[in-house]
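Subject: Structure for your files

Hello,

Here is the structure we spoke about, with the sequence. My notes follow below it.

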Amino acid sequence: MNQELVDYIEKNVYPLYERNDWSHQLWHIKEVIRRSLKLASGYSVNLDMVYVVASFHDLGCFVSRDNHEEISAHLMESDPFIQKYFKEDEIQTMSEAIVDHRGSLEYVPRSIYGKIISSADRLTTIEELMRSTHSRTLEFFSDIRWEEMIEESYSYIKKKYGKGGYAKSYIPNSEFDQFLKDVQVYIDDYELFSKKLKEVDEFLRKEYHINREKTI
């Protein structure tokens, strides 16, 4: 990858992720970048484009989680450095890829870049999944009881990553395949899931000062 491009994004794009909710901050973006480059290694693609797509894909979450992919694509398209560095058709392809990264997408991503970012955006560890999901619950459902928080996180994870879940990988991905097996263990054992979520809850409150109003 071009070092000038990397330096620009690290200096001008990375800091903007502080505006997002915890689960879409820079720790997540760096993981998606890592997974994107790993998945892209088996294809004839422009790694600069792969890097840009991964770097911008969640940038718009601070405005709206519901359509953050559209906002993120627009922010990438309108970036002066990106406009100068890439050709118009390359920017269009990257924009479409960012839009196509959502797990709930109802169509197959339109390019290999969309398939890479969509696949790379899938979580690959239980810790990452539980922390990301529970932080979402704490942010949007902070006034519900603990038992309801467990059910909220459990239902979300089962719907997305359980058997027949809507989260897919469009690129062969051994990390994700193993992850789905690991997740199913917790989905099949609600007591185990609840115990793990309690550990995650304590971690988030202690390490990241994410608080909830209701106590266990």
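Which residues have the most contacts inside the largest nonpolar core? In this predicted model, they are Ile9, Val52, Phe56, Ile82 and Met94, in a core of 36 residues. Seven helices, H1 (3-12), H2 (26-40), H3 (47-56), H4 (68-77), H5 (80-85), H6 (88-99) and H7 (112-120), each supply at least two residues of this core. H3 gives the most, with seven residues.

Leaving aside residues up to four places away in sequence, Met94 touches Met49, Val52, Val53, Met76, Ile82 and Phe86. Another core lies apart from the one above; this other core has 23 residues, including Trp146, Ile150, Tyr154 and Val183.

On the overall fold: the protein has 11 helices and zero strands. Its radius of gyration is 18 Å, close to the 17 Å that the globule rule gives for 216 residues, so the protein is as compact as a globular protein of that length. Along the principal axes, the C-alpha atoms fill a box of roughly 55 × 30 × 25 Å. Of the contacts with a separation of 6 or more, 67% are between residues 24 or more positions apart.

On burial and surface: 51% of the 216 residues are buried. The protein carries 29 positive and 39 negative side chains, with the centres of the two sets 4 Å apart.

Regards

Note on methods:
Residues are numbered from 1 along each chain as its sequence is written. This is a predicted model: local features need pLDDT of at least 70, side-chain atom pairs count only at pLDDT 80 or more; totals for chains, interfaces and linings use all residues. Side-chain values use heavy atoms; hydrogens and water are left out. Helices (H or I, at least four residues) and strands (E, at least two) are DSSP runs, numbered from the N terminus. The radius of gyration is taken over C-alpha atoms; the globule rule is 2.2 Å times the number of residues to the power 0.38. Buried means under 20% relative accessible area, exposed over 50%, partly exposed in between (1.4 Å probe, protein chains only). Contact means heavy atoms within 4.5 Å. Lys and Arg count as positive and Asp and Glu as negative; His and the chain ends are not counted. The place of a charge is taken as NZ of Lys, CZ of Arg, CG of Asp or CD of Glu. A nonpolar core is a set of buried Ala, Val, Leu, Ile, Met, Phe, Trp, Tyr and Cys residues joined through side-chain atoms within 4.5 Å.
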